[in-house]
Amino acid sequence: MMSTSLLMPSALPDPLRSEWFSLPSISEQLPYVHGALIAGLILGVLGGLIGPLIQARDLAFAVHGTSEMSFAGGAAALLFFGQGVAATGTIVATGSIVGSVLAAVLFGVLGQRARDRNSAIGVILPFGLGLGVLFLALYPGRSSNKFGLLIGQIVSVSDNQLWLLSGVAVVVIAGLAVMARPLLFASVDPDVAAARGVPVRGLTLVFMLLLGLTVAMTVQVVGALLVLALLITPTAAAARITASPLWVTVWSVIFAVVSAVGGIILSLTPGLPTSPFITSLAFAIYLVCRVIGAIRVRRGWSKRGAGSLTPVAVAAGSAQPSH
Amino acid sequence: MTERPAVQRLANDHALAASNPTPAVHLRDAGLTFGDRTLWDHLSLDIAPGEFVAVLGPNGAGKTSLLRVLLGMQKLTTGSVTVDGRPVNRGSRRIGYVPQQRNFDPTLPVRARDLVSFGVDGHRWGIPLPSRSRTAAVNRALAQVGATRYADAPVGMLSGGEQQRLRIAQALVTDPSVLLCDEPLLSLDLAHQQAVADLIDKRRKEFDTAVVFVTHEINPILPMVDRVLYLVDGRFRIGAPDEVMTSSVLSELYGAPIDVLHAGDQIVVLGTDHHAHHGEHDVVKAIP
């Protein structure tokens, strides 16, 4: 199968001689990766939608910690329940969902203040990663599964995984649609939100649950190490070019989808793993946005906006005695 | 808590409060106890519409807890409280709340106008659809505090003073009858302290909004304060600033010798715990 050979190290091309981009080769392989493209699209939308809330809550490190626990959960499920079973994919997915949801809710309980939370995450993260490595080493099955959860295995995404991914996406998107506004309020301004009657703690827990689900799904595709490329980088890029919550969300969805889908397509010709293409695209978009943002700030975005001269001029003009 | 110093006698026969049938804030024999620690009790206070009451006292005296009671986030142990003649309920639009300034990340995806619009419907579920009335209310509130020029700037890129103006706009956008302020001037420089205090004063004069203003530092708001509620360790005193901010009253409240100096139109309090923490601050303030 073309699709599985893409991941095999033996299929690596000689980087000096092989082609890096060829349309015929891409169109020839597309039928084999349409599942991966759908997965990339769904994940891009999910990551782009949830990203602004992650940024507003200062949760980048918690996302990283959650993804490592997702890896540990998947590895544990593979070791304890996956032996002698054909559908290891489903077992790994279930384990990684359990791991990341538990971790995300735990990080949510640890409190609102990023400083308290971050040291606790820093303690839990290496422990989870170490356990995951141990579980994988003890698993007697095929070696090609071993690092899929770390660096991603989108090309071999199965129909079952696609259905699971779609279901989770519906749940997460519906949840975010209902609670995005009070959640943003509570994230930006917890004291005032609480005074206004927003259930700040309850929202935190539900949000962390949705975040855990999203992370688990993303781990399946780009791997635990690269989750940040779809959940953090697109929003960080978008926030450089706009501060409107709506437009940050729109741009971060676009950036995440372009990174995920574009990365998969770009990886087809050289036959290399998809993850570096996804992360490089996301990083390139981020760099471009930083430059645009720096130009905006230099032109006075931080202070009076582009039209700053107009009101001053009008005020000065109206101060003159007319006629 | 049976023995009561004389300072707990209520100075509640304030002319303003007596003249109005429905006070903006009405506390009757209110008490708040956490475990075996009583923050304050037998507190009766009527705040008239448009009245400016400063709440002072050392850390832990229950100043913020009093605000939480008025916000409906904390139940009284004893007594009763009403706002606008009705029992308090959390999230009431009759109450505006201005907290301390805190720093926002410069890349936080929230503009000045978004912060204000949280005051309109930030607590509501569902996707925020574009609404002309919300936009109009937000623009009006931004104009009231002079923040129109930076309405579309990211909040994290604004100065502390500009951010506090936005918080006032956010608190006023529902047109509340009571404005609760919890150290809103903290960490602002003198010029911004004055500007923000003036905004609050202007609002209460124009719209008859009662103001309850918790602070460590009375000087920036001294010209606008009608009455002071001074809380110390379960004891309190209510009255005009001249009646409360005196050496004898504060010495009685603290149970230790306190010197209150009047330097020009500034008040310097010497000998309190709060002074030990903020002493440098006070001296700097007293110079201009």
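So, let's start with B:Leu27: in strand 2 of chain B, its bridge partner is B:Leu45. Strands here, like helices, are DSSP runs numbered from the N terminus, with at least two residues (E) for a strand and at least four (H or I) for a helix. Two strands pair if DSSP finds at least two bridges between them. Strand 1 (residues 25–34) and strand 2 (residues 37–47) of chain B do that in the antiparallel sense, over seven bridges. Two residues sit between them in the hairpin, and there B:Gly35 takes a positive phi near 60°.

Strand 1 of chain B is also joined to strand 4 (residues 78–83) of chain B, by five bridges, and those two run antiparallel. Over in strand 4 of chain B, B:Ser80 is the residue opposite B:Arg28.

Quick housekeeping before I go on. This is a predicted model, where local features need pLDDT of at least 70, side-chain atom pairs count only at pLDDT 80 or more, and totals for chains, interfaces and linings use all residues. Residues are numbered from 1 along each chain as its sequence is written, while chains are lettered from A and ligands numbered from 1 in the order in which they are written.

Okay, next, the open sheet in chain B. What order do its six strands come in? The order is 6-7-8-3-9-10, with mixed pairing. Strand 6 (95–98) and strand 10 (235–239) of chain B each have a single partner strand, so they stand at the edges, and one side of each has no neighbour in the sheet. On average, neighbouring strands of this sheet are turned by 15° against each other, direction ignored. Strand 6 of chain B pairs with strand 7 (residues 178–182) of chain B in the parallel sense, over four bridges. If you want a spot to look at, B:Val98 is opposite B:Cys181 in strand 7 of chain B.

Now find helix 2 (residues 63–70) of chain B. That helix lies across strands 3, 6, 7, 8 and 9 of chain B, and runs at about 145° to strand 8 of chain B. The axes are lines fitted to C-alpha atoms, for helices over the stretch in contact, and angles run from 0 to 180 degrees between N-to-C directions.

Zooming out: chain B is divided into domain 1 (1–94 + 176–240) and domain 2 (108–171), with bounds from an automatic or database domain assignment. Their C-alpha centres lie 26 Å apart. Eleven residues of domain 1 of chain B are in contact with nine of domain 2 of chain B, where contact is C-beta atoms, placed from the backbone, within 7 Å. On the domain 1 side, helix 6 (residues 190–207) of chain B gives the most, with five residues.

And how many residues of chain B are in contact with chain A? There are 26, in contact with 33 residues of chain A.

Within chain A, helix 11 (residues 233–241) has the highest confidence, at a mean of 95, and helix 14 (residues 309–319) the lowest, at 36. Over residues 305–323 of chain A the pLDDT is below 50. Residues 1–11 of chain A stay under 50 too.

Methods: Two residues are in contact if their C-beta atoms, placed from the backbone, lie within 7 Å. pLDDT is the predictor's confidence in each residue, from 0 to 100.
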